[in-house]
Amino acid sequence: MEIKMKLIYQNFDGLDMSFQGAISQPILMQLEQAKKEAQQSRSEVYCELGEGKLPVMVSESGMSGGYAYRFDTGIDGEVWAVSNSQKSDGWNIRVSAKSLNLALKGYHGVKEQIINTLKALNATGESSLDPDTGKVINFPKERISRFDYCFDFLTYDSFEPDPKCIVAHARSSRQFIGSHVAARGQLVESARIGEMPNRQVGIYNKSKEMVAHNKRYWIDIWRGYRGAIDKNTIDEAIAYSTIDTPIGIGTVWRIEVRAGKGELDKWNCKRFDEFETIAGDIVVSILGAIKYVTPNEDTNTARWPIVGFWQTAIDAAKTDLSAYISGADRKRIIRDYRENIIKGYMERISGNYIGCIAAMGRDLSELPAIMDQVQENIIAKVSQNPDLYYKKFGRVEERYSFIE
């Protein structure tokens with residue numbers, strides 16, 4: 001029986017790249033100072049880089065590969081890693097765009113934002129001639145190292161990935177994650193076929209992932225995507241998608257195509273212009289090499305027919321692969337994100353109170369008295385060392401002001 005699914009969203013979901021070039025010395029000095037402060041506080045610190053005062057959160061450590069510094073430009077931004085080097089011929093800059101950034105701005109918007117950030121960082125590269133203008137330029141040269149492209153499907157029938165329905169090269173690695181062992185009536189919640197940094201396809205329960213990782217802004221993204229699904233339909237789908245009932249009618253399942261450096265090298269896809277020319281070909285190729293099929297009596301699994309939703313993904317990639325921008329409102333998403341953070345704190349505080357009362361051997365009815373006692377203890381600690389606590393508060397205040 002054909003599985004009924006409707007494509008409700010597709011877009012680039014990840015984009016990693018390196019740049020051959022160097023950040024200006026004054027900004028490297030700023031990063032060094034911020035990193036020291038982060039190490040002292042054991043948490044990332046807020047910093048405004050350069051004359052344009054680019055707001056970032058600087059981490060206490062760098063990144064493997066020789067990157068001394070790492071900083072974040074926001075939940076709808078990128079993670080940057082930078083080497084402490086002034087050599088313009090070195091690959092000293094690495095950038096990883098976040099999925100929310102791509103969902104809100106699309107590929108072209110993210111590309112423009114990254115280029116503008118490089119300018120704000122006074123980044124320079126080796127001198128070369130612009131083939132169009134003949135002028136000498138010294139801007140960093142890009143090297144794309146990975147991209148992810150996703151398709152989100154709303155189910156109208158119960159569904160879970162069936163290992164025997166996934167056809168790929170015999171040497172392709174396979175990983176299935178679920179509540180039970182695979183071959184004995186398992187409940188599969190995700191499948192990953194292939195290996196990075198080559199080619200890989202992931203199939204997973206996006207509804208469950210959204211709830212588990214507090215990414216409810218995806219509801220707005222699905223609602224806003226080209227008007228394909230009305231608000232009530234999405235709300236109905238999310239009503240089914242809870243942690244207690246992760247699989248069932250109304251669940252959103254994601255097919256995620258991942259192309260790493262090894263795969264991109266095969267296509268000679270390194271620069272922005274090359275990427276913009278053949279990214280669709282790469283996606284279609286991977287969906288053809290790793291596919292979801294309907295088994296039949298044919299002994300050659302390569303001839304088993306592709307299921308409808310997989311063919312829908314292939315057709316969508318062939319005809320619609322471009323920079324997609326969600327109709328979701330960024331301010332609302334950021335507000336919801338902040339509200340979810342507050343809700344998380346409230347839930348943890350409530351749980352800690354309950355645990356504390358039990359550990360003290362007291363009764364739950366004594367909660368008001370215990371709360372008064374905890375409040376007195378907190379006020380006393382702050383009074384004894386106000387500078388310490390104001391410093392802690394300031395760091396957290398900066399972190400959350402950053403997500404305005």
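## Overall picture

Among contacts in the protein between residues at least 6 apart in sequence, 67% link residues at least 24 apart, where a contact means heavy atoms within 4.5 Å. Please keep in mind that this is a predicted model, in which local features need pLDDT of at least 70, side-chain atom pairs count only at pLDDT 80 or more, and totals for chains, interfaces and linings use all residues. Residues are numbered from 1 along each chain as its sequence is written, and side-chain values use heavy atoms, with hydrogens and water left out.

The protein has eleven helices and 15 strands; these are DSSP runs numbered from the N terminus, with helices being H or I of at least four residues and strands E of at least two.

## The largest pocket

The largest pocket has a volume of about 630 Å³. Its lining has 28 residues, and the closest to the pocket centre are Ile75, Lys98, Lys215, Tyr217 and Tyr337. Two or more lining residues come from each of strand 1 (5-20), strand 6 (93-97), helix 2, helix 9 (330-359) and helix 11 (386-401). Strand 1 gives the largest share, four residues. By class, the lining has twelve nonpolar, seven polar and nine charged residues. Here Ala, Val, Leu, Ile, Met, Phe, Trp, Tyr, Cys and Pro count as nonpolar, Asp, Glu, Lys and Arg as charged, and the others, Gly among them, as polar.

A word on terms: on a 1 Å grid over the protein atoms alone, a pocket is an open set of points where a 1.4 Å probe fits, with protein on both sides within 12 Å along at least five of seven lines, and lining residues have an atom within 4 Å of a point. Grid points are joined across faces, edges and corners, and a volume is the space filled by probe spheres set on the points.

## The second largest pocket

The second largest pocket has a volume of about 510 Å³. Of its 20 lining residues, Ile137, Pro140, Lys141, Glu142 and Arg271 are the closest to the centre. Strand 1, helix 2, strand 9 (141-155) and helix 7 (272-289) each supply at least two residues of this lining, and helix 2 gives the most, with four. The lining divides into eight nonpolar, three polar and nine charged residues.

## Details in the loops

The peptide bond from Met196 to Pro197 is cis, with omega near 15°. Pro197 sits in the loop between strand 12 (188-194) and strand 13 (199-205).

Asn122 is not a glycine, yet its phi is positive, near 55°. This residue lies in the loop between helix 2 (99-120) and strand 7 (128-129) and is partly exposed, at 43% relative accessible area. Asn214 also has a positive phi, of about 60°, without being a glycine. Its loop runs between helix 3 (206-212) and helix 4 (217-224), and Asn214 is partly exposed at 32%.

## A buried valine

Val58 belongs to strand 3 (residues 54-58) and counts as buried, because its relative accessibility is 0%. Leaving aside residues up to four places away in sequence, Val58 touches Leu31, Ala34, Lys35, Ala38, Glu44, Val45, Cys47, Arg70 and Phe71. The C-alpha atoms of Val58 and Glu48, ten residues apart along the chain, are separated by 9.8 Å.

Note on methods
Buried means under 20% relative accessible area, exposed over 50%, partly exposed in between (1.4 Å probe, protein chains only).
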